[in-house]
Amino acid sequence: MSSAHAHDPKAEIRRFIIVGVALAVGTIVTVLASFINFGTPGANIVVALVIACIKGFLVAGFFMHLVSERVMIYTILAATVFFFAGLMYLILWSLEPTSLMHDPAALIHIR
Amino acid sequence: MEIPYTVREREDTGLYNAKLGIWLFLASEVMLFGALFSSYILLRVGASPGTWPHHLLNVFLETLNTIVLILSSVTVVLSWAFLKMNQFGKYRATQAITILCAITFIGIKSFEYRDKFLHYEIIKNDGTIVDGHLIERTKDYVLIHPTPPHRESAMEKQAEAKGVSNPSEAKSPEDTAHATKSVEATAAAKKEGATTTNPAVENAGEHEEPVKVMTSDIKKMENYGPWHNTYLAIYFTLTGLHALHVIGGALVIGYIWGPGARMWKTEPERYTNRVEVSGLFWHFVDLVWIFLFPVLYLL
């Protein structure tokens, strides 16, 4: 939402409304998709998260103007993404069948 | 002393200070919600297939709530655009809609919370379970309106297809066993014409009449608050924290819209920046909900 990037306010207003409609449609599609059987639970999760990511991109990209922001903000967000991805990696790693979390005996041995 | 860089951008960052500050704050917020999301993933994946009771929530209401929040995000960004075009009246009107949307969101959320606090699971001395909404509670009896059967999501159907029963209130393997026993007891009770039921697994739609349970027959009675099971604990934590953000954001937007609007006459650029910064926070709140909604309500 930087003033430096607001070229044509009227065009921007039109774009904001289109993005808003797209977000509402995306919400309805998410709900409908949850009642469709995509074969496996994993596939349903992927479909829901892909739609959520697209909606997230629309909000962050257009409403928060991240499609055309200052380098400093991208730098802050890069650090955030790094740590967030690290956190999620730890979670996914702990869910691996070979993870030590699934072998209490190994944990006792380490202790 | 004048606060520096409230309007003018710093040479080194290319941003005015409040904007840099809000982005740093939002970065920390990402980690806060990220930690709670990761907790949710661990609990969700750790639950036995078919035992995650997210069908307890009202998907229609929350779809409506999601659209309300999206509408508020649109009005926030429009109000900022109107200020950029020096149209203060239109800014006021669109931001008023934002505040109304925030109140609506919290209202619907409160309704949902109230529903959970009035929703009870009663385990009787004979092992049968009565599940439904409290109508009346006296010293001698409790009157419950049984919960109707829910519409299954695709993931629940997949779990069922794999032969997993759906004792929705189960919290642990022991509880699962208990719930299964209660199903058998309920089936037996039905044969005898009893009015007890476990709606999660039985055809509760057959029992639309209120069920009267004598106090002396009750072994345990608990509502669906955060203490009921791990799902509700993480549900209340995530949605409660998000609701606090909505309330906080609405208060700030309301202040800027109301008493803080005097600044528009003296320092319009600084005022516009304030609207922008509060708007960034509001969009973040919307962004969090975009991920919370499918994860908590649909998967």
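Leaving aside neighbours within four places in sequence, which residues is B:Trp289 in contact with? They are B:Thr66, B:Leu69 and B:His242. The model is predicted. B:Trp289 is also one of the residues with the most contacts inside the largest nonpolar core, together with A:Phe16 and B:Val77.

**Nonpolar cores**

- The largest nonpolar core has 58 residues.
- Elements of both chains give two or more residues to this core: helix 1 (9–33) and helix 2 (41–63) of chain A, and helix 1 (17–46), helix 2 (59–84), helix 3 (88–118), helix 6 and helix 8 of chain B.
- Helix 8 of chain B provides the largest share of this core, with 16 residues.
- Another core lies apart from it and has seven residues, including B:Ile122, B:Ile129, B:Val130 and B:Ile144.

**Helix 6 against helix 8 in chain B**

- Helix 6 (residues 230–257) and helix 8 (residues 268–298) of chain B pack with their axes 10 Å apart, at an angle of about 160°.
- Angles over 145 degrees count as roughly antiparallel, and helix 6 and helix 8 of chain B are therefore roughly antiparallel to each other.
- The two helices, helix 6 and helix 8 of chain B, cross in a left-handed sense.
- On the helix 6 side of chain B, the contact is made by B:Tyr235, B:Leu238, B:His242, B:His245, B:Val246, B:Gly249, B:Val252, B:Ile253 and B:Ile256.
- From helix 8 of chain B, the residues in this contact include B:Arg274, B:Ser278, B:Phe281, B:Trp282, B:Val288 and B:Trp289.
- The contact of helix 6 with helix 8 of chain B comprises 14 nonpolar, four polar and one charged residues.

**Helix 1 against helix 8 in chain B**

- Helix 1 and helix 8 of chain B pack at an angle of about 15°, and their axes are 10 Å apart.
- Helix 1 and helix 8 of chain B are therefore roughly parallel to each other.
- The crossing of helix 1 of chain B past helix 8 of chain B is right-handed.
- Helix 1 of chain B contributes B:Ala18, B:Lys19, B:Ile22, B:Leu26, B:Glu29, B:Phe33 and B:Tyr40 to the contact, while helix 8 of chain B contributes B:Asn273, B:Val277, B:Leu280, B:Phe281, B:Phe284, B:Val288 and B:Val295.
- By class, there are 11 nonpolar, one polar and two charged residues in the contact of helix 1 with helix 8 of chain B.

**Contact between the chains**

- Chain B gives 45 residues to the contact and chain A gives 44 residues.
- On the side of chain B that touches chain A, helix 1, helix 2, helix 4 (154–161) and helix 8 of chain B each supply at least two residues.
- Helix 2 of chain B supplies the largest share of that side, 13 residues.
- The side of chain B that touches chain A is made up of 30 nonpolar, 11 polar and four charged residues.
- Helix 3 (residues 71–95) of chain A packs with helix 1 of chain B at an angle of about 10°, with axes 10 Å apart.
- Helix 3 of chain A and helix 1 of chain B are therefore roughly parallel to each other.
- Among the residues that meet here are A:Phe83, A:Phe84 and A:Leu87 of helix 3 of chain A and B:Trp23, B:Gly34 and B:Ser38 of helix 1 of chain B.
- The contact of helix 3 of chain A with helix 1 of chain B has 20 nonpolar, three polar and no charged residues.

**Chain A**

- Chain A has four helices and zero strands, in the sequence pattern α-α-α-α.
- Of the 111 residues in chain A, 19% are buried.
- Among chain A contacts between residues at least 6 apart in sequence, 50% join residues at least 24 apart.

Conventions. Residues numbered from 1 in each chain as written. Chains lettered and ligands numbered in written order. Predicted model: local features only at pLDDT ≥ 70, side-chain atom pairs only at ≥ 80, totals over all residues. Axes fitted to C-alpha atoms, helices over the stretch in contact; angles between N-to-C directions. Parallel < 35°, antiparallel > 145°, perpendicular 65-115°, else oblique. Left-handed = near helix turned anticlockwise from the far one by under 90°. Contact = placed C-beta atoms within 7 Å. Nonpolar A, V, L, I, M, F, W, Y, C, P; charged D, E, K, R; others polar. Core = buried A, V, L, I, M, F, W, Y, C linked by C-beta atoms within 7 Å. Buried ≥ 20, exposed ≤ 12 C-beta atoms within 10 Å, placed from the backbone.
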